[in-house]
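User: I'd like to learn how to read a structure like this one. Could we go through it together?

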Amino acid sequence: RRPALVDVDPETGEIYVMSWALPKPGRYHYRPAFSSIDDGRPFDWGEGSTYFRLTKFSPFDEIEEETSWDLQEVAGVRLTSRGNVNVMAAVDTRSDPLRLWIQTPARDDRRYNRIGGGTGGWGPRVLKLEDGEWIRERDMLKEASRAISRAYPAAFNRQRLYVNPSDGMLYLGEGDSYEGKAFKEVVRIDPRTGRLRPVDLPMSTEDMAFDLDGHAYLRSRGMIVRFRAADWREVPFDYGEERESIGYGGGSGTRSAHVQSGAVFPGNRGWHHGGMHVSPKGNIVVSALYSVDQRTRHDETVHDGEAYQPRIFPGRFYNFGGRFGGTLVHVIDRHGQMVHDDAIPGLIATINGTAIDERGDIYLLHSAPRMIDGARHFNVMAGTLMKFSPSQGRLLSARGAPVPLAERPGRSMDLSSYGSRAWAEGAHWFYGGVGWGGTNPPTGCACPNARFVLDYFARSFTPEHDRYNVGVVDSSGNLILRVGQYGNVDDGMPLVKDGGPPNPRSIGGDEVAIFDARYVATHTDRRLFIADSGNARIASVKLGYHTDETVSLKNVPDEGEK
């Protein structure tokens with residue numbers, strides 16, 4: 001009943017049928033709406049029946065049941081109301097003894113990527129048939145967990161990378177709370193040795209950034225809190241505000257902290273935000289989602305006793321029906337004061353990273369594809385990297401703006417997203433075809449996305465997904481280098497072979513093999529880090545120059561002197 005998979009032995013013609021469904025009658029009343037032969041009743045397997053079974057039949061034409069096995073206990077399968085369709089299995093009829101391969105889905109609870117977690121009832125398993133009984137021969141998730149520290153996949157393949165420039169340590173943030181959109185634990189990785197250890201953050205955060213002094217910046221929806229990464233004690237802002245309990249998200253999985261003095265900015269919605277970055281001078285750029293009902297002029301309080309109202313102008317894009325909604329970009333100085341409020345107004349969709357250089361210019365990776373001469377970029381999932389001076393640019397939309405444009409710019413539009421098109425007025429330059437915009441059709445979900453990073457020489461390192469590489473763009477928008485090429489995990493001859501694939505294969509060039517890289521981080525001109533989820537690894541790439549020269553400096557003590 002309810003056959004889900006059929007395998008036929010190509011030599012004997014014997015037929016193997018697997019069935020799986022929901023665990024207990026009455027607990028989940030699931031009925032496939034697409035089934036034309038469904039009887040309209042919930043699954044009812046009867047008393048003592050099982051829901052994970054393999055049945056063997058004789059060859060065609062007789063097709064008589066020979067034997068049947070209940071595999072629920074030996075397979076260790078944990079099915080969920082959402083995950084049954086994701087079960088995969090295959091009978092290896094050529095092996096002796098007979099073997100069955102099973103892959104079941106991960107639990108639907110966002111806790112599966114914790115370091116040192118259990119098997120969670122998922123992962124590839126191999127069963128073998130001995131004396132008429134099935135036994136578990138291999139559990140590959142357990143084997144992987146013994147070999148590496150984090151065997152679980154990141155939610156939505158989001159592996160945010162951050163570098164502390166004061167010591168060069170790499171931090172990995174994966175979604176472990178608020179439905180995979182926030183994290184309260186990071187992995188601290190030493191790039192020189194590969195050693196890593198989990199670090200509990202003082203609060204759940206949607207994003208993270210470091211400054212030159214080694215301070216870590218964590219954010220909630222409308223507040224940035226600064227901590228000393230050495231001991232995670234708060235470093236208060238001079239002009240911040242106190243809060244009793246601050247963390248990102250809600251529910252039992254959220255970790256909150258008492259904040260002495262955090263920097264406050266307009267942002268009142270959850271979900272996916274557009275990045276945060278600290279310049280060499282300590283200025284902070286932060287992106288936040290915000291919505292306000294224009295009919296009642298109602299919004300949430302930003303500062304104590306103060307309300308916030310975004311600027312309205314002809315051609316400004318609106319979203320969420322009768323509500324103003326969109327991405328706002330703010331600049332805050334190192335003391336916690338707002339320098340530029342709504343610095344790039346009119347953004348028509350989400351952005352996938354924002355940064356600020358030492359001169360105060362703002363860089364952002366917009367999820368909207370680039371348009372040239374009225375034609376949209378061929379890959380609708382690719383975004384556009386842009387540079388603005390704060391409060392010197394804006395986006396103007398022909399559609400979706402309650403106050404229409406009185407006069408349109410005399411050129412073709414620059415961006416296209418969500419059925420709306422826009423001109424980016426005041427942009428210094430565009431670099432299109434980069435990143436991966438999960439909000440774009442056909443997926444329409446911002447949970448999987450991408451990030452670019454700006455180093456201290458104002459060079460943008462941005463994933464070029466279609467090219468399987470990372471592009472390096474200078475402060476004038478010129479491509480100066482591409483890092484990586486298409487390849488698998490054992491492609492590319494690394495400088496350090498220990499801990500990598502046992503038999504790497506040279507592919508020439510920079511030897512950096514990439515399959516699906518969306519998140520990057522850089523230690524300026526020393527290292528580039530690439531989260532390549534397609535190859536299930538984080539690659540460390542050494543950065544150098546065509547020519548190096550060493551000069552002696554007078555009156556500088558030797559390294560061993562105090």
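**Confidence first**

User: Over residues 23-50, how high is pLDDT?

Analyst: pLDDT is the predictor's confidence in each residue, from 0 to 100. Over residues 23-50 it stays under 50, and the model has 26 contacts (heavy atoms within 4.5 Å) beyond four places in sequence for them. Residues 108-120 also stay under 50, with 39 such contacts. Where pLDDT is low, the predicted coordinates should not be read in detail. For the protein, the mean pLDDT is 85, and 84% of its residues reach 70 or more.

This is a predicted model: local features need pLDDT of at least 70 and side-chain atom pairs 80 or more, while totals for chains, interfaces and linings use all residues. Residues are numbered from 1 along each chain as its sequence is written, and side-chain values use heavy atoms, leaving out hydrogens and water.

User: Is Glu14 buried or exposed?

Analyst: Buried means under 20% relative accessible area, exposed over 50%, and partly exposed in between (1.4 Å probe, protein chains only). Glu14 is buried because its relative accessible area is 17%.

User: Which residues does Glu14 touch, leaving out those up to four places away in sequence?

Analyst: Among them are Asp7, Phe57, Pro59 and Glu66. Lys56 is also touched by Glu14.

User: And Leu553: buried or exposed?

Analyst: Leu553 is exposed, because its relative accessible area is 60%.
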